[in-house]
Amino acid sequence: MNVYDSARMADVLAPLGYSPVEEAKDADLIILNTCHIREKAAEKVFSDLGRLHGLKIANRALIAVAGCVAQAEGEEIVRRAPYVDMVFGPQTYHRLPEMLARLDRRRGAAAAPLVDTEFPPEPKFDHLPEAAQPPGVSAFLSIQEGCDKFCAFCVVPYTRGPEYSRPAADIESEARRLIDAGAREITLLGQNVNAYRGAAAEGGTAGLAALIRRLARIEGLARIRYTTSHPRDVDDALVAAHANEPKLMPHLHLPVQSGSDRILAAMNRGHRVDAYLRIVERLRRARGDIALTSDFIVGFPGESEHDFALTLALVREVRYATAFSFKYSPRPGTPASLIEDQVPEAEKETRLQALQTLLREQQNEFNAACVGRVMPVLLEKAGRRAGQYVGRSPYLQAVHLTPGDAGGQPIGRIVETRIVGAGPNSLAGTLVVAAARECARLEA
Ligand code: 5AD
Ligand code: SF4
């Protein structure tokens, strides 16, 4: 979502003459678009700011802090780093031109920095211009923002605000523009993407499955993905979409966080382990080859050895294609940060290592099971070796094609590829026509 927001900030700034540069030292305006989800991410902002202060002195660059750290810390940022010129949250970046104009008027007057961390009543999406940069083969499209779930560990409901869904017609227009500009795959984004309920063109509201069906009608759009989903919002229509909509990719990121009902309740997740397993079963019945990925938190306050063992058991039962796992990080203002019974850091570390070892094994198994299969690969970019292309499998794995293989196939083409090798993080493949040519040569 931050990648999407950063691109939109560039769009907002383009009419003012700003364009992205590769290095901070060449910039007139430096925006740190920040993440507050765990303490490590948030603290990184202040170390980065320290480094940028030097550039500001040398180049007179303006420095802005955007995103969720800005939203959560507001004035505290300028207290700790008084050389910051602007602080604004994820819901107000459409006002960047106005903020810059205000700063410009005050330039040299040693005025206080601008801090804008409101949740404005009007959605920012109505104020964003058309994209200034081409999106690439695989594009992000934000359809929903915010969260009303209030998991006990999470800052998102406080930093991103309440759930908001964009009208389906606006999303479709943006999707069409992305396709016209060269995108072939669109990933629909939302903190709670499957809680999507947007105004439908024909009146009433549409859920995520209806939106996917609508977007699937766009010619030129080859692949649809969505992230991140919540188990509570997986409905029959969404499961059916995985069975019936060929453009919807067989991959679902469905965070579960823990395999212990006791911890799920303490986390305020609103679902139990068996409900999660039933969803997995329904999805696999709908689409046998669906790849499942997830997020896990270890060391949530009060998590016992037994609770953690239940998480490992859940992972063994589901068999994930890959997953993200994190040590619980207390976040200011969240209910879980006030619980006395915090798990010691060393214990969190031990559990994280055990979980990650298991998840790595599953990832290796998932990748190895792809070897020998033929699958459609969307060519995304040139590889590091001469004549090599890199693409994506339907399951989101990176596929490195044999150099020379895809010669003449433009980026953005979907090519039938035989998977010939698997590593921990990517696959190796040969174009099926090239493989056939090689067989014919060997037979001759
Ligand atoms: N500590 C550790 N991990 C967290 N996440 C969210 N909040 C925290 C926290 N306080 C993880 C969850 C979520 C992912 C985006 O980040 O697993 O799904
Ligand atoms: Fe955070 Fe996701 Fe829970 Fe919302 S549903 S509070 S974004 S973890």
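Modeller: One term before we start: two strands pair if DSSP finds at least two bridges between them. Also keep in mind that this is a predicted model.

Biologist: Fine, strands then. Which residue in β11 is the bridge partner of L188?
Modeller: Y226 is the partner of L188 there. Strand β11 covers residues 223-227, runs parallel to β8 and is joined to β8 by five bridges.

Biologist: And what stands opposite L188 in the pairing of β8 with β5?
Modeller: That is L141. Strand β5, residues 138-142, also pairs with β8 in the parallel sense, over five bridges.

Biologist: How many of the five residues in β8 are buried?
Modeller: Five of five, so to say; β8 spans residues 185-189 and is mostly covered. E185, T187 and L189 point one way, while I186 and L188 point the other way.

Biologist: Switching to ligands. What surrounds ligand 1?
Modeller: The shell consists of I37, R38, F153, Q257, D295, I297, F326, K327, Y328, S329 and R331. By class that gives five nonpolar, two polar and four charged residues.

Biologist: Which polar atoms of the protein lie close enough to ligand 1 to list, and at what distances?
Modeller: For R38, a polar side-chain atom is 2.9 Å from an oxygen atom of the ligand. With F153 a backbone N or O atom is involved, 3.0 Å from a ligand nitrogen. S329 also uses a backbone N or O atom, at 2.7 Å from a nitrogen of ligand 1.

Biologist: How much of ligand 1 does the protein bury?
Modeller: The protein buries 87% of the 400 Å² that ligand 1 exposes when taken alone.

Biologist: Which elements give two or more residues to that shell?
Modeller: Strands β13 (291-298) and β14 (322-327) do.

Biologist: And which residues are around ligand 2?
Modeller: C147, K149, F150, C151, F153, C154, V156, P157, N192, H230 and R269. F153 is in the ligand 1 shell and in the ligand 2 shell.

Biologist: New topic, E172. Where is E172 placed?
Modeller: E172 is in helix α7, which covers residues 168-180.

Biologist: Why does E172 count as buried?
Modeller: Its relative accessible area is 13%, and buried means under 20%, so E172 qualifies.

Biologist: What does the side chain of E172 make a polar contact with?
Modeller: The side chain of R214, at 2.4 Å. Leaving out residues up to four places away in sequence, E172 touches R214, L215 and I218.

Biologist: What about A386, buried or exposed?
Modeller: A386 is exposed, with 73% relative accessibility. A386 is found in the loop between β15 (374-382) and β16 (389-392). The C-alpha of A386 is 6.6 Å from that of P403, which is 17 residues apart from A386 in sequence.

Biologist: Last one, V420. Which strand is V420 in?
Modeller: V420 is in β18, residues 414-422. V420 is partly exposed, at 47% relative accessibility.

Biologist: What does V420 touch, if residues up to four places away in sequence are not counted?
Modeller: V371, A428, G429 and T430. The C-alpha atoms of V420 and V371 are separated by 5.4 Å, although the two are 49 residues apart along the chain.

Notes: Residues are numbered from 1 along each chain as its sequence is written. Chains are lettered from A and ligands numbered from 1 in the order in which they are written. This is a predicted model: local features need pLDDT of at least 70, side-chain atom pairs count only at pLDDT 80 or more; totals for chains, interfaces and linings use all residues. Side-chain values use heavy atoms; hydrogens and water are left out. A residue is near a molecule or strand if one of its heavy atoms lies within 4 Å of it. A polar contact is a pair of N or O atoms within 3.5 Å; within protein, one must be able to donate a hydrogen and the other to accept it, and residues adjacent in sequence count only if both atoms are side-chain atoms. Accessible areas come from the Shrake-Rupley method with a 1.4 Å probe; for residues, only the protein chains shown count as cover. Helices (H or I, at least four residues) and strands (E, at least two) are DSSP runs, numbered from the N terminus. Ala, Val, Leu, Ile, Met, Phe, Trp, Tyr, Cys and Pro count as nonpolar, Asp, Glu, Lys and Arg as charged, and the others, Gly among them, as polar. Buried means under 20% relative accessible area, exposed over 50%, partly exposed in between (1.4 Å probe, protein chains only). Contact means heavy atoms within 4.5 Å.
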